[in-house]
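Below is a short briefing on one protein model. Please keep the sequence and the structure at hand while reading.

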Amino acid sequence: MTEDDLRKVVAEALHKGGAYADLYFESSVFNNLSLRDGAVNSALSDVDFGMGVRVIAGERTGYAYTENISLTDMIKAAKTAANIANSKIAAVPATKINGLRFKNRYSVEKIWENVTIKDKAPYLQQLNDRIFELDSRVCKVNVNLMDSSSHIMFFNSEGLLCSDHRPMASLSAVCVMEKNGRIENGYAARSFRKGAEFLSAGIVEEIAIEAVNRTAFMFEAVTPRGGEMPVVMAAGSSGILLHEAIGHAFEADFNRKKTSIFSDKHGQQVCDKSINIVDDGTLPANRGSINFDDEGIETQKTYLVHEGMLASYIHDRISAGYYKVPSTGNGRRESFRFAPAPRMRATYMENGKIPERDIIAEVKNGILVNNFSNGEVQIGAGDFTFFVKSGYLIENGTLTQPIKDVNITGNGPRALADIAMVGNNLKIDHSTWTCGKDGQSVPVSQGLPTVLVKKLTVGGIN
């Protein structure tokens, strides 16, 4: 691929009068290794390669991709994107290439391309064996290791050229236990943007203990009574509250189109002044981190809520141009087959000042929740729901009966305004979180210190 090739494709993309065009190249290798019934017995590798062309002309966007990068195929894709975005706006020719320098958020010590199945398999076997060792009730274990390496190159009609190597690794285990004919299961995982140095005895032990503890917990847990009540969100994966209650509704494409419940609240006080909420692409080796987004914008730490005020939406180039603000570096896509859109990275709330025990002590009758599986939100109404795997009843300021399998529902703006206390124990959850939007998925992460929400609806026993 030469500079001249890139300029020719961009010129073709702009030949009908588009105002802006970009080219996104991707070469990715995905590997998956699985252990079932005590043995590593399944392996899969997949190679994905191609490039996409985007053309923006006024309010119209055209996008096309090709799995071949011959000049002929790329020009054909560029013509297709240009036809979709057909406009009378004057073309902007490509200028000289400038390299983007950035701080690397995920340095790799040992690339996955040099690691064989024989190198990986012992870690899956060790995780399986360790889970069986930890509890005699374990009757089945499934272990999965995923690794990937993506090489990205980006070029646009402004002359920006940048490239990146994006690693990803995920190790997970499902533990199944049986006790007196009753079967329960638990899941634990870790995921980072790391090379093969990710695999270690330490991470095996960490996942094994968590999987066993989560499964054993379920034998003691009950489904609580439902209703409206105070909910303490424990530190860590409770960050799903932010992801579902405000994260999607803060994505600027929804606000630009006036479909988000927060579209008229920019600059307004939306919660207590003690609350600061961040979407961050700079956390080292974090699953949601990126060196630059899929539009060539360097990543950053963005305050969505600062001292209780709605400070920023989550922007890509299009929404940033509409609002006349710099992009926040949130233009993301699943692969070269998709156009970018505003997407979250690592979304979390910064620390408050209150110890967790003092937050729990404030609740007379409510629940604490600490383990989740999924969630969803209605952007327009702001109503959200997520599924709680486990937690505890809180009675007279004390954790009592373990609980499981409840839905929590609420409304984003109301839940945000109802956060009454913020803990001093922020934890980023490093599990295998993935965010879906517009038919495509991207890796994300989330975090939270312990917080008290004065009122949410808990779906349990009536």
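R166 is buried, because its relative accessible area is 8% (buried means under 20%, exposed over 50%, partly exposed in between, with a 1.4 Å probe and protein chains only as cover). R166 forms a salt bridge with D294, with the closest N and O atoms 2.7 Å apart (a salt bridge is a side-chain nitrogen of Lys or Arg within 4 Å of a carboxyl oxygen of Asp or Glu). The model is predicted: local features need pLDDT of at least 70, side-chain atom pairs count only at pLDDT 80 or more, and totals for chains, interfaces and linings use all residues. Residues are numbered from 1 along each chain as its sequence is written, and side-chain values use heavy atoms, with hydrogens and water left out.

**Salt bridges**

- R166 lies in strand 6 (residues 160–179) and D294 in the loop between strand 9 (277–280) and strand 10 (301–306), so the pair ties together parts that are 128 residues apart in sequence. Helices (H or I, at least four residues) and strands (E, at least two) are DSSP runs, numbered from the N terminus.
- D294 also counts as buried, at 4% relative accessibility.
- K437 and D253 meet through their side chains in a salt bridge of 2.9 Å, N to O. K437 lies in strand 20 (residues 434–437) and D253 in helix 6, so this pair ties together parts that are 184 residues apart in sequence. Both K437 and D253 are buried.
- D135 pairs with R137 in a salt bridge, the closest N and O atoms being 2.9 Å apart. D135 counts as buried at 13% relative accessibility, whereas R137 is partly exposed at 24%.
- A network of salt bridges links R190, E206, E210 and R214.
- The whole structure has 26 salt bridges.
- Side chains of opposite charge can pair when their charged atoms come close.

**Nonpolar cores**

- The largest nonpolar core has 48 residues (a core is a set of buried Ala, Val, Leu, Ile, Met, Phe, Trp, Tyr and Cys residues joined through side-chain atoms within 4.5 Å). V231, M233, M349, F386 and I408 have the most contacts inside this core.
- Helix 5 (residues 240–247) gives the largest share of this core, 5 residues.
- Apart from this core lies another, of 30 residues, among them V143, L171, I203 and A211.
- V231 touches I367, V369, I408, V451, L452, V453, L456 and V458, leaving out residues up to four places away in sequence. Contact means heavy atoms within 4.5 Å.
- Helix 5 is mostly covered, with 8 of its 8 residues buried.
- In soluble globular proteins, nonpolar side chains tend to be buried together.

- N255 is found in helix 6 (residues 252–256). N255 is buried, with a relative accessible area of 0%.
- Beyond its neighbours within four places in sequence, N255 is in contact with A249, F250, S260, F262, S263, Y313 and Y323.
- S312 sits in the loop between strand 11 (309–310) and helix 7 (317–323). S312 is buried, at 12% relative accessible area.
- Residues up to four places away aside, S312 touches F250, H266, T302, Y303, L304 and T328.

**Partly exposed sites**

- K79 is in helix 2 (residues 71–84). K79 is partly exposed, at 40% relative accessible area.
- K79 and K16 are 63 residues apart in sequence and 8.7 Å apart in space, C-alpha to C-alpha. K79 contacts E12 and H15, neighbours within four places left aside.
- F49 is in strand 2 (residues 39–57) and counts as partly exposed at 37% relative accessibility.
- M1, F49 and I69 make a nonpolar surface patch of about 260 Å². Patches are made of residues with over 30% relative accessible area and no salt bridge; like charges are joined within 9 Å, nonpolar side chains (Val, Leu, Ile, Met, Phe, Trp, Tyr) within 5 Å.

**Whole chain**

- The secondary structure comes to 9 helices and 23 strands.
- Buried residues make up 55% of the 462 residues.
- Residues 24 or more positions apart account for 74% of the contacts with a separation of 6 or more.
- The C-alpha trace spans about 70 × 55 × 35 Å along its principal axes.

Technical notes:
Areas by Shrake-Rupley, 256 points an atom, 1.4 Å probe, with all protein chains shown as cover.
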